[in-house]
Amino acid sequence: MKPIATTAPENPELQGTAMRQGLWGLLRSGAYNTRLFRQDATAALIVSLLLIPQSLAYALLAGLPLQTGLYASILPAIVYAFFGTSGVLAVGPVAITSLLTFSALSPMALPGSDKYLLLAILLALMSGACLLLMSFLRMGFLANFLSHPVMSAFVSGAAIMILLGQLKGVTGIPVEGANLPSQLISLYKGLNQLHLKTLGLGLVFLGFLYWSRHYLAGLLKKWQVSGSNAALLARMAPLVLLVLATLGVMFTGLDQQGVKIVGRLPLELPKIAWQNIQLTSLLALLPMAMMISLIGFAESVAIARTFAAKRRQQVNSNRELFGLGAANLVAGLSASLPVTGGLSRTVLNNDAGAVTPMASLLTGLAMGLILLFFTGWLYYLPQAMLSAVIIVAVLSLIEWRQLPYLWRYSREDAWSWLVTLLGVLFLGLELGLLLGVLVSLAAWLAKNSRPHMAVVGLVPGTEHYRNVQRYEVEVHPAILSLRIDESLMFANAQEVEQQILKEATLHSQLRHVVLMGSGINHIDASGVQMLAQLNSLLSEQGIYLHLSEIKGPVLDKLKLVEFIEALSGEVFLTQHQAMKTLERVEDEGKKSLNLVQANKAEN
């Protein structure tokens with residue numbers, strides 16, 4: 001046998017509990033050193049430069065003043081560094097939360113207005129409060145209700161809506177609407193507002209960003225650039241484009257010809273009219289705050305765990321809840337939008353060499369310096385470039401291949417994916433996600449209501465028992481062995497009972513029924529009641545009910561309700577022990593019966 005290949009961690013001093021306690025724990029452990037600081041500082045410098053166009057773009061997507069995207073990349077990143085447990089997760093505004101913010105607030109206020117900004121701040125604060133409450137109650141398991149097919153379809157549908165919405169930035173056509181039909185109608189009605197120079201710029205930006213994202217790294221490798229450096233340089237393409245686009249507009253005067261630019265970005269935080277907050281607004285925002293919290297947490301933890309596994313580190317889900325909650329609270333206090341961990345910026349952080357949460361702290365500080373001293377250079381940046389950044393970024397989020405893959409693997413998951421996607425596109429984000437979750441749960445209940453059960457027999461020459469329909473096995477005519485491959489609960493208890501009774505009627509010599517419980521992980525009150533009723537029904541027919549291979553937690557439940565005392569048969573440790581014992585009982589019973597019949601014949 002070949003040995004399992006393993007990869008030694010790049011930084012063995014970070015193994016153990018220090019990384020699971022955030023930056024505080026890491027510094028207290030004494031494992032942090034100047035070498036790690038240099039790696040984190042280099043990554044922070046690269047990431048902060050590339051976050052400029054991305055942060056501005058996501059603020060634009062959320063319908064907020066562009067500087068709020070920079071605000072959202074400062075304090076949240078710093079706070080997460082102290083409380084989060086991932087060494088590379090980069091927290092800030094992302095496409096999905098920005099779209100959810102716009103979806104929640106646009107019906108309540110005019111995008112860009114003071115009221116709209118106030119509502120965005122409240123949404124961030126409420127999202128933070130929801131995450132902190134989930135952390136205190138240890139409710140990280142709630143993210144499990146968002147199955148992979150549902151999340152994949154939701155993100156794909158949201159990406160399509162983002163893409164259509166951002167056509168405004170690269171064409172000049174105003175695209176409005178909360179679902180696909182309204183966006184398409186808006187696009188058709190606004191065709192007469194097409195701005196050719198904006199379209200020309202937009203196509204150039206889109207072409208360059210798409211080419212650099214998919215082909216630049218390969219070209220650099222042909223020029224003898226190492227793989228990691230080629231990938232990093234390719235990801236710096238948006239920064240290069242930002243500089244060239246800004247200079248191009250400044251020297252050509254395109255801003256005087258109808259091309260929209262970023263303009264002056266104010267440095268001071270806006271004055272918030274807290275007295276204008278109404279209870280009705282808070283109640284209206286609560287469902288979306290909970291939705292953003294759940295989706296943001298599920299996405300962040302999935303990303304953090306992926307990179308932690310590569311580094312042989314661990315991520316604490318409840319501490320992640322706390323870290324993300326604290327990050328959203330300071331996002332609200334710094335007049336910005338809800339934040340979460342983003343895949344693209346985390347990949348960039350990892351490729352740039354980040355190894356600890358210190359990189360996140362330094363990135364936040366660097367973004368603060370950029371906001372203070374360099375935003376004036378962004379005055380002539382065309383908004384078409386920001387829309388192009390968003391469009392190219394979300395194209396990779398559309399997972400069209402998921403549907404044919406799921407259709408081959410699991411029809412239930414495929415239907416969940418399709419229903420979620422159509423729900424998001426035609427009903428809106430909130431209803432689409434809710435519909436997807438409901439369909440996913442319904443499919444799970446339907447599957448569990450029809451549990452797989454198999455009549456099993458002994459594989460000759462072994463002590464293993466397998467399905468009689470799949471293997472050549474040995475069975476005893478007086479003993480029926482049934483393996484139950486699902487937990488026993490309200491959704492399937494009656495179905496299990498009916499299948500057992502139906503199978504029992506097919507065996508005329510039946511004296512014993514053995515339920516093999518190796519696949520039963522849990523049993524609820526309905527399952528216990530079913531077993532008690534089954535025991536009585538079989539006893540009335542002179543059939544003994546036995547259990548084998550019952551797991552400890554399940555057996556404890558049965559003992560609590562005194563089921564074992566009422567059981568007509570026995571509980572066996574293994575299926576083989578059950579069969580050998582019962583076969584011996586039956587063989588001895590036959591001998592006794594034959595002796596009695598012989599005596600009767602002599603008399």
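## Aromatic rings

Rings of Phe, Tyr and Trp (its six-membered ring) count as a pair if their centres lie within 6.5 Å. With that in hand, look for F83, F136 and F322: ring pairs link these three into a cluster. Keep in mind that this is a predicted model. A search of the whole structure turns up 7 aromatic pairs.

Take F208 and W211. Their ring centres sit 6.3 Å apart with the planes at 40°, so this pair is tilted. F208 and W211 both belong to helix α10 (residues 196–222), 3 residues apart, which is about one turn of the helix. F208 has 27% relative accessibility and counts as partly exposed, and W211, at 35%, counts as partly exposed too. Then there's W407 with W415, an edge-to-face pair at 5.7 Å centre to centre and 65° between the planes. W407 is partly exposed, with a relative accessible area of 34%, and W415 is partly exposed at 46%.

Which residues make the nonpolar surface patch? They are L422, F426, L427, L431, L434, L435 and L438, and the patch covers about 640 Å². Two elements give two or more residues each to the patch, namely α19 (411–427) and α20 (429–449). The largest share, 4 residues, comes from α20.

L434 is a handy one to click on. It's found in helix α20 and has 49% relative accessibility. Why does L434 count as partly exposed rather than exposed? Exposed means over 50% relative accessible area and buried means under 20%, so L434 at 49% lands in between.

## Salt bridges

By the distance rule used here, the count comes to 5 salt bridges.

Another salt bridge joins D485 to R483, with the closest N and O atoms 2.8 Å apart. D485 is partly exposed, with a relative accessible area of 27%, while R483 counts as buried at 16%.

## Reaching across the sequence

Now find R511 and E586, which form a salt bridge with their closest N and O atoms 3.8 Å apart. R511 lies in the loop between α21 and β6 (512–516), and E586 lies in helix α25 (residues 575–602), so the pair ties together parts that are 75 residues apart in sequence. On the accessibility side, R511 is partly exposed, with a relative accessible area of 36%, and E586 is buried at 10%.

Terms used. Residues numbered from 1 in each chain as written. Predicted model: local features only at pLDDT ≥ 70, side-chain atom pairs only at ≥ 80, totals over all residues. Heavy atoms only, no water. Patch = residues over 30% accessible without salt bridge, like charges linked within 9 Å, V, L, I, M, F, W, Y side chains within 5 Å. Areas by Shrake-Rupley, 256 points an atom, 1.4 Å probe, with all protein chains shown as cover. Salt bridge = Lys/Arg side-chain N within 4 Å of Asp/Glu carboxyl O. Buried < 20%, exposed > 50% of the residue type's maximum accessible area, 1.4 Å probe, protein only. Phe/Tyr/Trp six-rings, centres within 6.5 Å; stacked < 30°, edge-to-face > 60°.
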